[in-house]
Amino acid sequence: MGSNMAENHPVGFQWVMEARERGARIFHVDPRFTRTSAMATDHIRIRPGSDIAYLGGLINFILEHGREFREYVTAYTNAPVLIGEDFRDTEDLDGLFSGYDAESGTYDPSSWQYAGMEMHGAAGQRESGVSAAHAAGGGGGRLESGEPPEEDPTLEHPRCVFQLLRKHYRRYTPQFVAETCGCSADQFLDHANALCDASGRERTGAFVYSVGWTQHTVGVQYIRAAAIVQLLLGNMGRPGGGILALRGHASIQGSTDIPTLYNLLPGYLPMPHAERYGDLDGYVAANEQPTGWWGNMRAYMVSLLRAYYGQRATADNDWGFGWLPRIDKDDSAYRTTMAMIDGTVKGFIVAGENPAVGNANGRAHRKALASLDWLVVRDLFEIETAAFWYDSPEVAAGEIRPEDIGTEVFLMPAADHTEKDGSFTNTQRLLQWHHAAVQPKGDCRSELWFYYHLGRLVKERLEDSPLQRDEGFRALTWDYPTHGAHEEPSAEAVLAEINGWDLTTGEPLGGFPQLKDDGTTACGCWIYCGVHAEGVNQAARRKPRWEQEHYTALEWGWAWPANRRILYNRASADRDGRPWSDRKRYVWWDADEGRWTGYDVPDFEVSKPPDYRPSEDARAQDAIAGDHPFVMQGDGRGWLFVPQGVVDGPMPTHYEPAESPGPNPLYRQRANPARQDIEHRTNPENPVPDVPGEGPYPHIATTYRLTEHHTAGGMSRTVAVLSELQPEMFCEVSPALAELEGLEHGGWAVVSTSRAEIETRVMVTHRMAPTEIGGRTVHVIGLPYHWGSRGLVTGGSANDLTGIAMDPNVHIQESKALTCAIRPGRLAGGGGRGAA
Amino acid sequence: MSVRRSVARWPVLRQLRGMDRQGVGAAAQSDRSRAWRARTEDPDRTVASICPYCAVGCGQLVHVKDGEVTHIEGDPASPISRGRLCPKGQASRSLSQSPLRQYRVRYRRPYATVWEDLPLEQAMEMIADRIVAARADTWEEVTASGAPARRTMGIAQLGGATLDNEENYLMRKLTAGLGIIQVENQARI
Amino acid sequence: MTTERADALAAPHGGNCADGWRTYGDDAQERVGFFTDTSICIGCKACEVACKEWNDVPDDGFAFTGQSYDNTGALGANTWRHVAFIEQDRPVRVPDATPPAPHPPGGDTGAADGFRWLMSSDVCKHCTHAACLDVCPTGSLFRTEYGTVVVQEDICNGCGYCVPACPFGVLDRRERPNASVVKPDGRVHKCTLCYDRLKVGEEPACARACPTDSIQFGELDELRRRADRRLEKLRAEGWADAHLYGRDPHDGVGGFGAFFLLLDRPEVYGLPPDPVVATRHLGEMWRWAAAAAGAVVALVAAVFAGGRR
């Protein structure tokens, strides 16, 4: 669901095809019939933006029919935990949870807590206002001890999580799913039964998703809903199970782990906040979890500061914590775009991204670029973001002239993957090294070269500065060996710093359990600690698959953390540490040896026995019992109900997209009450009709990629052998919509939203079909987003149409479900027109 | 090649002499065809790499001859990809050698209508100057309410998901060190 | 000639023999080919790209065809692997279990049930009896020691006789100007089954790349056995229309070196249902050859005449 794996991850899909050949049923639940649907055993068509209704239906089906894996649920999840008496469900408050503040549009989660537990004040602050993206990787919630105070192992208590789930989802019946999602109840039931049949001791089932789930105003809750299904079915931490996020760029996982994200430092450490705590002690107190592995946050942070500031970070200066910049509001990408338009951002460096066509509301981005003093674009090609000042729909339409744009632009040619050393982190958290094969030509240089030499040049300018603001920067360590005629920095030296050292011996660290909070270790990213263990580049390991001991191939590359291939894999064994079944054997307790063993690196302290019970005052990992596999959580359990860490509710609820075709069938509260809209003149929102399928924007649109192209086309519209395979922008419409709007197959159409309009070729196909909402037919239009004005093949950019309404947890825009209008014909002059 | 050998290899003669009376097999084979062998047979080196497109992380083998990449193909040893590549991964030599590749720094003055050339070193100096100046102009030592801020909101940075971890690390370290807050990448999209 | 052709069916290493293969004597290698199993083709076109990357085949133009996701159209001088996309209002297999309800609420929502999207990667068939080979007056087309059929670009003069001879429309002259650096040269270009790679023990580029192993390379006899097992499995699973195309050594071209498992009739994929080698009647062929020779003589004379002017 939310993924078109055969098209966008074709080589990964070989394993799905193998599973199909071995008898697995593959369900593709998707608004479109894609190449993935064609290969699946079953395709279930649902309306864009209705996935939580569908997943909620699965949860309800499992609970109403007793199909949960009871032993797993009772032991490994928070199903038995009692929630406080003040909690109110959306069923009580017509679409709102308790704690909602209408003025700010945010939740206070104090009423969502485990009964008998006070919420730690600062932890609550951390999760509201400022992004809680770190919660996705960092424990999120906070418990003062490893065991919740009140539990009911029979799962009967009306305030236990299990019963709260039942109540929350009881209206998600097969009929509700059918009416809300537009599939048939029988299809849904067939899927629900098959999924339950494929779960339990002997079997596991997996979910695969991609940006079809994340690009929604309730994106995090989509994934949460799948997590509930998988926890109830006992599919987490087990081979063949899980929820697999298929990410779209070679190292997009890596750029989240070692984040180039405003609110994170390496290893999901939160960026310091300006208002909430003065020093490192305050930061740690506010952000750590006393129990679970996040209980060592101070060690992770001090080690990072020692990597950043070297010997200048001392106990006396709080390890340099005060030098780090502070955040105090949402400064994510789209907010920054608006800040550019409003004139507060002077300079902008873009490296390997193409916001002029790749980000939602392309016109706003191009306007932002035109508002800068200076812009640096680092890319292999002269992409739209570099050429915006003379080659854009606005320039083509005569709305703006190059002579009117004051932005100074540097286009800096980059090196590609064959021209530099480095590691990518793939979608399964696996770091793999690529070796330079040739030297880059001309002025082409790696980003490593660019940032290293840029830092060196800025340091030259500030090295004698007496100003306080420059003190921290002057303390930043910036010594990396270089080689060759280009003075290319050593990527492996950087990897060694990421891995870290024991500063007392100078030896490379072997793993994050060795990190200390007393300044004797340095580590640039705690979750990557071990990637350079023993001074060996573990990411460059390439023992051929046919020589590996197990199918897990542990000697190929290196997966964080600690080279584990499946997270929480202690859950692949029962409470006593025995495999749930022989055919699903993965990691188990070897009583004779007194250690965990198996086909993977156990995601558990290797000698902690299954019957280990923590003492009252145990801290960090010591507070996690021997039968609690989810070691990053404060209570060691998988969370069906999330008391803290997700800002828009403890349980996923069906809300309509920000631009929905009509009202919410469940509640008066139509869309996510905590969603974030950017109210800016460049970002108007389409009006929502009272009656589905009416109004100026009556149709649903959804954007996507094709196999033949890559994202916004920077790496494919520039390549002839790819460009010829999908040479023009097109929209996909059903025969019914074609008839309704007078569209001709192979002809032209103009698609419009309140942001812009673009022209596209028309593909009329039975792969698209209208959907039914409340007895009314609503049409769906498919829009690949690969095109722009540059490259070998050009065309309208779908992202000119998309708007910016965001998920409140991660600030990702809703480009998978919006509304639009369509008409036959072309735009005058071929350009686009829009609101900005 | 001597004239006699050339004549001896004339297909018609071979056809008349040999088993290939129809002249559709061995007799028709030209010298070029006989000598034609895979250009990857004898590379200067073959370098292990990883596909730069999506996040599956398929293994690649990059064959190099005379300082140029001659072919990129899947690495059979990879337990992830087993030597296979999708059209994009298979096109990565064409990506690397695309005629549209940018090899020189390009510079556009404010309000200009054309690109200009600019030496790389000079461009780097100019960018460093602009960062120092923009940071100084927009520095916030404290927030409006007086809390420590130690940041600039005048410089933004975008990108990272297509880059190496080591590159992201330096980018993150440099921007955090300079107090640059607005650092983002495709993971936000 | 009939006798000679029957005699030719005795292959050097067993199996049926392709014309000209025996001429290599002891140098003949096992006959190799492709088995393209369309039941697991995901339509990614990695084969098209891998072929072009290896063989430096230029692009085929940047034109939107509207034929589903197929924008290269057909096999030709600039497309040696071609993936066809066929959208059909029928299920891919007849399920043995209870089928889901035929229609979602609201009626015509189309594809949720009985719809399928067939994808198939086409390629030169490397026929056992290859008409292109028979009609080539220059010896450019030849049978290799692997039993495959290859155009020798150093010999081809672009006469084009092979073009109509091929029952599949594979052979094509590179004439259309395109955006790439490779110039139109008027010569014929087609799949070589990566002859150069075979010689160093590498499988052809398309088979190497194919993410799902839809394209399998190997010794033809083994591929045929594998295909038979595969067909049996699919039939048992309810893929009622699955069949092998070009596997039969007794068909009109003596079987393909590159054969297919299809899920519908060949015509649906744009393939001839019963291909016949155009040179089955060799007398006819000789008449053509004589005519061709005459034409060449006339042409040469004309050129010389023109040259003297």
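This is a predicted model: local features need pLDDT of at least 70, side-chain atom pairs count only at pLDDT 80 or more; totals for chains, interfaces and linings use all residues.
1. Residues are numbered from 1 along each chain as its sequence is written, while chains are lettered from A and ligands numbered from 1 in the order in which they are written.

2. On chains A and B: the contact draws on 129 residues of chain A and 101 residues of chain B, two residues being in contact if their C-beta atoms, placed from the backbone, lie within 7 Å. On the side of chain B that touches chain A, the most comes from helix 7 (residues 165-178) of chain B, with 13 residues; helices (H or I, at least four residues) and strands (E, at least two) are DSSP runs, numbered from the N terminus. That side of chain B comprises 54 nonpolar, 25 polar and 22 charged residues, where Ala, Val, Leu, Ile, Met, Phe, Trp, Tyr, Cys and Pro count as nonpolar, Asp, Glu, Lys and Arg as charged, and the others, Gly among them, as polar.

3. On the pairing between chains: strand 11 (residues 408-413) of chain A runs antiparallel to strand 4 (residues 106-108) of chain B, and 3 bridges join them; two strands pair if DSSP finds at least two bridges between them. Within this pairing, Arg106(B) in strand 4 of chain B has Leu411(A) opposite.

4. On the sheet in chain A: three strands form an open sheet in the order 12-13-19, with antiparallel pairing. Strand 12 (422-425) and strand 19 (558-559) of chain A are at the edges with a single partner strand each, so one side of each has no neighbour in the sheet. Strand 13 (residues 430-434) and strand 19 of chain A pair over 2 bridges, with Leu431(A) opposite Trp558(A).

5. On chains B and C: 31 residues of chain B are in contact with 33 residues of chain C. Strand 3 of chain B gives the largest share of the side of chain B that touches chain C, 3 residues, and this side has 12 nonpolar, 12 polar and 7 charged residues.
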